[in-house]
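Have a look at the model first, then read on.

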Amino acid sequence: MAEVVKALGIFGYPLAHSMSHLMYSTAIKHLGINFQFQPYEVKPEHLPAAVEGVRAMGIRGVCVTIPHKGAIIPLLDELTEDARLMRAVNVVCLEDGERLVGHNTDGIGFVTSMRKDVGQDPKGKRILLLGAGGAAKAIAVKLAVEGASHISILNRTPSKAEELAEHVKDQVPGSEVEGGALETEQVGRFAKEADIIINGTSVGMWKKGEPPDKSTLVPSEQIMPHHLVCDVVYNPLLTPLLCSAKRRKAKVLTGLGMIIYQGAEAFRRWTGCELPVQLVRRRLIRALSQAGS
Ligand code: ATR
């Protein structure tokens, strides 16, 4: 009998702009391993059945994306520390063919990208984080765990920033975190004191069929050469914020590294293999440039 192909997949709804399929299929083909990656559009009402299907069919692992990152938690057997702290799951692994373990690799993906792509460590750094959604939450928790000295979270809806700040302080004892309103004056005040500025909102992202979003949340004159400016948006790679940071001679980090390194963590857990990071990066950049042209 032929060897059974080991299945991997992604659960989301809708799945229109996920890069996962290209990322993992490129890696699987390059390494010549006996895995196959399949996107599954899973409606929210079908999530419990889909998760049981993972166990029943022995699917080795799945990525989890919007809108399932929180809803999947009660359906799993176990959570890792990061998933528990972030109260969100972006990766599921089937362990010993039985136990479904939920991980969150978004935060470690961001921090690994900081270390590998621009050689900076969050320890002891003052951070200005814009946004309080899913991506910002994973980043805020991980930066606190990794020893950032202070994190200011500003959000369009200030109550969400305050809530996130409280959540991080509760979960990571000793962390210094505050939340507030995303207003120009506040951005200026915190930017002045910050070592690292991170856009964790969707501002600057290109959406299909719409004119490019040229807005940025940080006025150019508030960016200084000592800043590291990061964006979670990866389409376009150089967002208006990163373009203006470059003009101001600041260091920049695009959102692509976070995507790749969170994927590399998942891939290692599912397959035991290292994701070929440079190859995957070239493929994703090519796909993004084709999509944008
Ligand atoms: P994700 O999971 O990608 O982080 P999300 O959870 O929907 O997505 O969060 C989107 C973030 O972008 C939120 O912080 C949102 O602010 P609100 O909480 O006020 O909605 C932020 N955001 C989206 N559009 C924005 C805009 N035009 N200006 C400022 N912030 C914006």
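A polar contact here is a pair of N or O atoms within 3.5 Å; within protein, one must be able to donate a hydrogen and the other to accept it, and residues adjacent in sequence count only if both atoms are side-chain atoms. This is a predicted model, where local features need pLDDT of at least 70, side-chain atom pairs count only at pLDDT 80 or more, and totals for chains, interfaces and linings use all residues. Residues are numbered from 1 along each chain as its sequence is written, and side-chain values use heavy atoms, with hydrogens and water left out.

**Ligand contacts**
- Lys 160 puts a polar side-chain atom 2.7 Å from an oxygen atom of the ligand.
- On its own the ligand exposes 650 Å², and the protein buries 65% of that (Shrake-Rupley areas, 1.4 Å probe).
- Gly 134 brings a backbone N or O atom to 3.0 Å from a ligand oxygen, and for Gly 133 such a backbone atom sits at 3.5 Å.

**Ligand shell**
- Residues around the ligand (a heavy atom within 4 Å) include Ala 132, Asn 155, Arg 156 and Thr 201.

**Cavity**
- Searching the whole structure turns up 1 cavity of 30 Å³ or more (on a 1 Å grid over the protein atoms alone, a set of points where a 1.4 Å probe fits but cannot get out; lining residues have an atom within 4 Å of a point).
- The largest cavity holds about 50 Å³ of space (the volume filled by probe spheres set on the points, which are joined across faces, edges and corners).
- Among its lining residues are Leu 130, Asn 199, Val 203, Asp 231 and Pro 240.

Terms used: On a 1 Å grid over the protein atoms alone, a cavity is a set of points where a 1.4 Å probe fits but cannot get out, and a pocket is an open set with protein on both sides within 12 Å along at least five of seven lines; lining residues have an atom within 4 Å of a point.
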